Every structure is written in C-alpha cells, then in structure tokens.
Amino acid sequence: MPRSRRAGIARGVADSLGVGIGIFPLGVALGVLVVQAGLPGWVAPALSIGIFAGSVELLLVSLLAATTPILTIAVTVLAMNFRHVFYALSFPLDRVSPGIPRAYSVYALIDEAYATYVLLPAGQLSSARIVAGQLLMQAYWVAGGLLGVALAGILPARLEGLEFALVALFVVMTLDAARSRNEVPSLLLAGLSVGVALLAFPGQALPAALIVYTALLALRFVLARGSDDGPDGDVSRDGPSGGSRDGGSGGAAGSATDGARRGDPGSAASGADA
Amino acid sequence: MSVALAAPSTGYVIAAIAVAGLITLALRALPFAALKPLRKSRFVQSLGRWMPAGILLILAVVVLGGELAGRPERVWPVVIATGVTVAVHLLARRRALLSIAAGTACYVLLLAVW
C-alpha cells in the first residue's frame, strides 16, 4: 500500500473518532429500540446497511412495529431525508476516486460525514481519507446496533441522555465553521431560516429551514452581483491557518483558494486528531 | 399489513427497508448528477461556498429543539450541557472529541440527578 494512502486512512480513522462518540451510543439505542419494539434483531443491521440515515432508522423502528403502510413510510423518508439534496452543493465529492469509492461515498453521505469533510480544505482531503472515515462511521453505527440488540435483554434501566452527543457534535461543527468573520452573513441567514421554520413548520423544521436558507442565499447572490466585489470577493481574505501539518494526505492541488473556499482548515475533523 | 396487531412479516420489513433505502440513496445521488453540468456556474459555486456553515447551524438548532420537544423539564440540562460543550471546545483548543465527550457526560449526569 502506498504511503500516502496509508496516511490518508490514518487521517480517516482520526476523523471518524470525533463523530464516532456520537454515532456509537445512538447505534446502541437503535438496537435496544428494535428489540423493545418486538422486531427481530437482524432488523438493526438491516436498517443500518440498507438505509444508513440515523434519524430515519430510529423512526422506522416504530413505523415497522406498527406495520405502517409502505407508501406512508416512503413519504416520511422522503420528507425526513430531503435535506441531503443540499449536501451535493458543497460536499467535496471531487476528492473521492471515481467508481466504487465515489459510489460508496455518496451512499454513506450521512450528516456527520458531511459535517466532517465539508469544513476541510480540498488540499487536505484524499479519497482514502474520506472513504476510510465514512466506512468507520458506518462500522460504529452497525456495531452499536448489534451491541444494542445484545444488551436489550440485560440492561436494567436505560441510561438517558447519550443522544446529546449528536447535539454536541453539531454545536462543535458550527463553532468550527464560524471561526471566520466571512461566515457571519451565512450564519445570520441560517439563524433566521431556522427560526422561521421552527415557528411556521414545527413538524418539518429541518427541510423547511434548508429551503428558506437556500432561497435567502440565492437572494444574497443576486444582491452581491450588483456590488463591486461580486459574490467571489469575500473569500480572498480568508487564508488557511494551521492546516499545513496535513500536507501529505491530499493532493497538491487546491491549497490556498480551496482552503478559503471551504472555510477554516484547522477545524472540526482535524480537531479530532487529539 | 392490514392486521395491525400481528407482528410484521419478514417480507414486509424487508420491502419497507428496501424502499426507504432506495429513496435515501436517490436523495443523496441524484443532486450530484444534476449539478454536474452546473459545476462551473458562479451561482452554484457561491451556494456551495456559503452553505456549509449555515447548514451546520441549522442542524445544531434542530437537534437541540428535538431534544427539548415535549420535555420542558429538560431546558436547563440542555442549556447547561450546551454551554459546557461550547466552553470546553473554545478553552481546550477545539478538540472535537473532548468537547463532545464533556458535553454528553454533563448531560447524562444532569438527567440522572435532575
């Protein structure tokens, strides 16, 4: 195995640990839930491999247990997972080798994988790193589910609150994304969108917020084009900082401009190196 | 599937998981295919650059809200654990693993004693 690929896999392993701490306990919760709902144990890994989208899987357990019509399940999944449509605009899929690695990367594009890799500069990303990270995230999820199935009968009382790891994960990712002042307009528009969505569509806040946010960014693009800078003018000040130690894992291409494009390099996933 | 109280059949469970999986895969894959010819568009590039930070904020707020939904007694544990997560992250040099572990441990403890 070439050295660069081994280094990429090592980076991917490190990337996966930070989110693994959120994924694994949720997987255990899924496994316990499957057994408590009266479903056979194999349903847990079947969900984690057949669908691989945490929140929908947790909901599906109760829908399956109630023998909900498949059409209802289809509509629910469509609504809950619609957010993934927006990830294609910024996920660095071009860093993943075409063929099986790229196909897997798309299939395994969970929120946590998006959050981990969207913040890193393209120069630090290699196909091995991204695919290894995603494979491990799925491994934690599947293994957690199996452990949950095994523990369901033994657990005396449920340890509540482990799901907060997911909240903490997104809070941490947001903090890392918000390091640069250039992100302030995006964050303000996103805050406005999610506020409106929670008030107007409390049942479907996530897709609603993403649609409002996209519309506001489109408006921003139209307004920015009228100004001198144009929409690209605001990235030039945002230089990379502290990402150089990652140099070996990615291609040489990308670097400065891509680093600025994706926000601040010393961020989320490399924070998990520690 | 008309017998509501009976255990769901294996065929039904497999079909439901397959349908849910195919829809999820389509939602993940089709936008990449659709955007391919638009990759050079300045509009698509700007959206790609502006979106991540805001999407993360939206995800954070929505999962925070989900943790509170219908459970007003959890407001203080959520506020405190979120504060701990942020403080640890900023004070301990942005080590994601540490911040997530600290916030989660704090929340589990608070729920146990609250």
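A residue is termed buried under 20% relative accessible area, exposed over 50%, and partly exposed in between (1.4 Å probe, protein chains only). By this criterion Arg83(A) is buried, with a relative accessible area of 4%, and Asp111(A) is buried as well, at 11%.

The model is predicted: local features need pLDDT of at least 70, side-chain atom pairs count only at pLDDT 80 or more, and totals for chains, interfaces and linings use all residues. Residues are numbered from 1 along each chain as its sequence is written, chains are lettered from A and ligands numbered from 1 in the order in which they are written, and side-chain values use heavy atoms, with hydrogens and water left out.

**Salt bridges**

A salt bridge is a side-chain nitrogen of Lys or Arg within 4 Å of a carboxyl oxygen of Asp or Glu. The count over all chains is 3.

| Pair | N to O distance |
|---|---|
| Arg129(A) and Asp15(A) | 2.7 Å |
| Asp111(A) and Arg83(A) | 2.9 Å |
| Glu67(B) and Arg74(B) | 2.9 Å |

Arg129(A) lies in helix α8 and Asp15(A) in helix α1 of chain A, so their pair ties together parts 114 residues apart in sequence; both residues are buried. Helices here are DSSP runs (H or I, at least four residues), numbered from the N terminus. Asp111(A), in helix α7, and Arg83(A), in the loop between α4 (70–80) and α5 (84–87) of chain A, are 28 residues apart. In chain B, Glu67(B) and Arg74(B) are both buried.

**Largest pocket**

A pocket is an open set of points on a 1 Å grid over the protein atoms alone, where a 1.4 Å probe fits, with protein on both sides within 12 Å along at least five of seven lines; lining residues have an atom within 4 Å of a point. The largest pocket holds about 1600 Å³ of space, the volume being that filled by probe spheres set on the points, which are joined across faces, edges and corners. Its lining comprises 49 residues, and those closest to the centre are Leu26(A), Ser55(A), Leu58(A), Glu163(A) and Leu166(A). Helix α1(A) gives the largest share of the lining, 7 residues. Helix α2 (42–68) of chain B is among the elements that each supply at least two lining residues.

Ile80(B), in helix α3 (residues 75–91) of chain B, is partly exposed at 34% relative accessibility.
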